[in-house]
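Please examine the sequence and the structure shown below. The paragraphs that follow will guide the reading of both.

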Amino acid sequence: MTSQLAADGIRVGLEVHQQLASTAKLFCSCPVIKSEEFPYHFERKLRPAQSELGGTDPAALFEFSKAKSNLYLWNPESSCLVEADEEPPHPLNGEGLESAMLAAKTLGSNLVDEVHVMRKIVIDGSNTSGFQRTAVVGLGGSFRVDGTQVGVQSVTLEEDAARILGEDESSRRFALDRLGVALVEVALDPVPGDPEFVAKVALHLGRALRSTGRVARGLGTIRQDLNVSLMGGKVVEVKGVQKLNLLPKVVEYEKKRQLGLIRISEKLGERGVRRIKCRARNVTKVMGGTASKVARRELVDGGKVVAVVAPGLGGLIGWEPYPDVRLGKEVAEVARANSLGGIIHSDEFRRQGLSEAEEARLRAELQSEVADAIILVAGRPPMVDRCVPLLIARLEEAVSGVPAETRAATEAGETRYMRPRPGSQRMYPETDIPDITITASRRAELAGKVPEDWQAKVARLQREYSLSEDLAIKIYDSDLSVEFEDLSRELNVEPSVVASVLVDLPSRLAREGVPESALGLEVLSEVLRAVGSGRTAKEAVPDILKAAGSRGLSVSEAINALGVQLAGESQVRGVVDSVLQKHRHVIEEKGDASFSLLMGEVMKELRGKADGAVVSKILRERLTELTGKKAT
Amino acid sequence: MEDLAGYKGGSLNFLKKARASIGDVLEVETSWGVVSGTLVPRYVYGDGDHVVLKLHSGYNVGLDVSGLKSARVKAKGEKPSFSVSPPPRPSKGLPRVLIIGTGGTIASRIDYRTGAVHPAVSSADLHSLVPELSGVAKVQPEILFNVFSENVRPSHWTKIAQRVRKAVEEGSDGVVITHGTDTLGYTAAALSFALQGVPVPVILVGAQRSSDRPSSDGPINLIAGVSAAGTAGFAGVYVAMHLGESDDKVALHRGTRVRKNHTSRRDAFVSVGVPLAAVWGKSGSEYVSEDLPKRGSSSFAPRTKFEEKVALMKFYPSMPASLIKAVRKLGTRGMVIEGTGLGHVSKGVVKELGLFIDAGGLACMTSQCIGGRVDLNVYDTGRDLLHAGVLPLDDMLGETALVKVMWVLGNSHSLGKAKEMMVANLAGETTSRSFPGEPL
């Protein structure tokens, strides 16, 4: 396979984890609350386990080898003995199961006949029991995005993990409030890796899930993972793309990174290197007088330095097939994921402060030629010892191009190595929960609860309320469609105005410094009511909201403070009559043609504080009465 | 013949037709598409309508056979088995500790029969699951028997006690017994009586969270138990289980005053009315009570017989007196009553107990309050019980009392001698002093 297999070669499998809106957690009766304080804690370590089919799991062994202890913080308002792994799980939350089944049906996926809850081994500490409870609810099926069919692999109901609060050399800290909250996971078949298309699929997926009305909203309630692979190549799992707009960036970054790794493997091929056999040696003594600040710092601390010799990789560790893509960077990330500061490799010895003489001494000691790359790993002995085999494995994989890995997405839309990709052997039955049969009657009951297709709903909003597509989608996405419809029907205000006040104005005003939190639904409804009842004109709304939002005034107070209250009808009549009286002669002279002059005079006297349409109507009425009288 | 354990009815026929066995990779056609996966066993209480496939992703799904159009064996598979790596060689100069396995969840696997957790069968499992043991002692694991502890009987206690005696003769520095937590307290009491004067530590350990899960408390308890068994300066029978919900401390409880007070928590075991015997931390003993018998004391003459025909009855309001009569008619030789409060029962029951005693039975009184001592001198009911011949057992735990009566009746020749032994404090089963503020 060559790197000439350009952009089309990339396939992206989207995996979305969506928190469900539920009154209780999935396997206990705890409410779903994000706690701020944690008055209690306990400390545990997790051991690897064996799966049903025999054999052990590489990712599990990796985590155990890091052997940190886990500190769990908890608050009785948001977790109980079940989350503390001190009590068996309670029966599966029926509400959660139904939500997952609805999600499956909404995406065109097929429900299984019997739901089996499994234990998925996770020993990074984020599950107190050492596993996540998870069950497949839907298999296969598909939906369409922009006319392209997107296959669904599975729809799964599972519990969320504990929140990581921090980590240091020897321990990790977790909060148990989030552990056990119901999630639905949707895994899609790989689609062509066009970044914009992937983003569209993710957007559609999010909307379809929200159409069920059973999902939680807010920051962090939906997480996106991507499985990226070049045609037929190993799959790289990228976890935790929090914002939709980062998806295209992440896809681009992975494309570049993976193609770069393939180019490196091709280069090795050109050099005739089919296999890399690394060796490692403790060079703490040799590095004793090193000029490299980085190495010296580690040595001073009682650390050790190990040199890994990688034959055939000389010059290829620092080589960049594409900007910022380097084998050295990959290897350094593995080191950092294992609590080491990084690595020093031979392609940058000079830059890192190692002189030619020092390098020569090192190479002599290691019996290594220039064609070999040397990677120095420095740090505390137990960490270095744990890390070296992993670095060797990574280096030796360079010949095959892209290794299967689990990587984390960064906030900048890049990816970083997290851990080896786990095998499928880390699952076995959750024997504390009986299997659940999805009976025919349950299916029938469900059929009545499948929500309106989101695209159909958007089209309806457009049609019924004469909204633009853009505004209709915004209303749909905002989850205020019910309130929008209610307000539009109740108030004497154009629906497009209602819509724009609900979903456009707040973000516009936010850019002018008005906090969005101050413009909640109540405030927006109130200002709309004021417009609907004629208390103020729609043109005054932005200023009213600005005053309310940034000065903490109520809508009423803001209207008065700004002086934008409209004159009531009787007041308008009064002014119209007095103006008509004042300009009697003009009316006598010009009749109906005096209208615009009179209109101007009335508005001047009202100081513009009237709904022009109302004034015009009243003026015309009165004028017609007067001139009509005259006419006869 | 194909191995299709657990499948029955329609699903069994379906699989037979496809010539499929557990472990084969099966491809089935549903109304909506093809599903491929490994056929895994069906739990014995599952219905006969579904087949269970383990997908490539590792998930199990159940599919209704009536909705399956066809099935095809894609590949003959490996039957699920468990590979156990050999244990590391122990470091030199370490004490010798025998680990007697009796069942329980220290080392267990998934049982396909019921879908529940079941004790492991190979002794290599025990050691290989906890390789740290090699740094603590030269351990010699052995499976004596393999039952859920609710199925343990006095004959099992006898077996364990005899094995411990042999271990002492063989020169073991200590013995650890792995046991299910449900009746661990009973067995600890039994061994405390049978092995009075034992010159080495005998430590019972269990696990509240099954060992198939990474969070199991079993390994920590086992390591502490082995460390105590091998290195402690004291002797006697103790229970070693978590102290608190963290993994940092293990409590050692005296065998006659320990009780399982929670169905599932790691720290379920408590010492009732006495301080802890010892506390073990990550690097060894952190606290040892001064009143424990020293290691290597002289006399050790185990008496390992137990009389099975003893009943433990918890009195309750409206308990029919005829219940006592019915138990007597079974040939019961001894009865321990958990009375209310200071050791009370209803009038009718007092009468029946009297009849039991008159017929030669041994009847003893403890309290279902768990904390505190019985005193049959305070109220009329108590005095009536004394008059009837019921033996008050001070602050002995009901479960311990049951075991003691079984042991006493198995190791005495006269009722008089039996009563004497019942009221003597043989293995710390009663205390003479209690204090305010002790946790209930």
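The account below takes up confidence, then a sheet, then the cysteines.

The structure is a predicted model. Chain A has a mean pLDDT of 87, and 94% of its residues reach 70 or more. Over residues 1-6 of chain A, pLDDT stays under 50, and the model has 10 contacts beyond four places in sequence for them. Residues 50-58 of chain A also stay under 50, and for this stretch the model has 34 such contacts beyond four places in sequence.

Attention may now turn to the sheet. Strands of a sheet pair through backbone hydrogen bonds, in either a parallel or an antiparallel manner. In chain A, 4 strands form an open sheet in the order E2-E3-E11-E10, and their pairing is mixed. Its edges are strand E2 (40-44) and strand E10 (163-167) of chain A, each of which pairs on one side only. On average, neighbouring strands of this sheet are turned by 25° against each other, direction ignored. Strand E10 of chain A pairs with strand E11 (residues 171-175) in the antiparallel sense, over 4 bridges. Within E11(A), Arg173(A) is the bridge partner of Gly166(A).

The cysteines remain to be considered. A disulfide is a covalent bond between the sulfur atoms of two cysteines. How many disulfides are there over all chains? The count is 0. For Cys278(A), the closest cysteine sulfur is that of Cys387(A); because the distance is 13 Å, the two are too far apart for a bond. Cys278(A) is buried, with a relative accessible area of 9%. Cys387(A) is likewise buried, with a relative accessible area of 0%.

Methods. Residues are numbered from 1 along each chain as its sequence is written. Chains are lettered from A and ligands numbered from 1 in the order in which they are written. This is a predicted model: local features need pLDDT of at least 70, side-chain atom pairs count only at pLDDT 80 or more; totals for chains, interfaces and linings use all residues. Side-chain values use heavy atoms; hydrogens and water are left out. Two strands pair if DSSP finds at least two bridges between them. Helices (H or I, at least four residues) and strands (E, at least two) are DSSP runs, numbered from the N terminus. Axes are lines fitted to C-alpha atoms, for helices over the stretch in contact, and angles run from 0 to 180 degrees between N-to-C directions. pLDDT is the predictor's confidence in each residue, from 0 to 100. Contact means heavy atoms within 4.5 Å. A disulfide is a pair of cysteine sulfur atoms within 2.5 Å. Buried means under 20% relative accessible area, exposed over 50%, partly exposed in between (1.4 Å probe, protein chains only).
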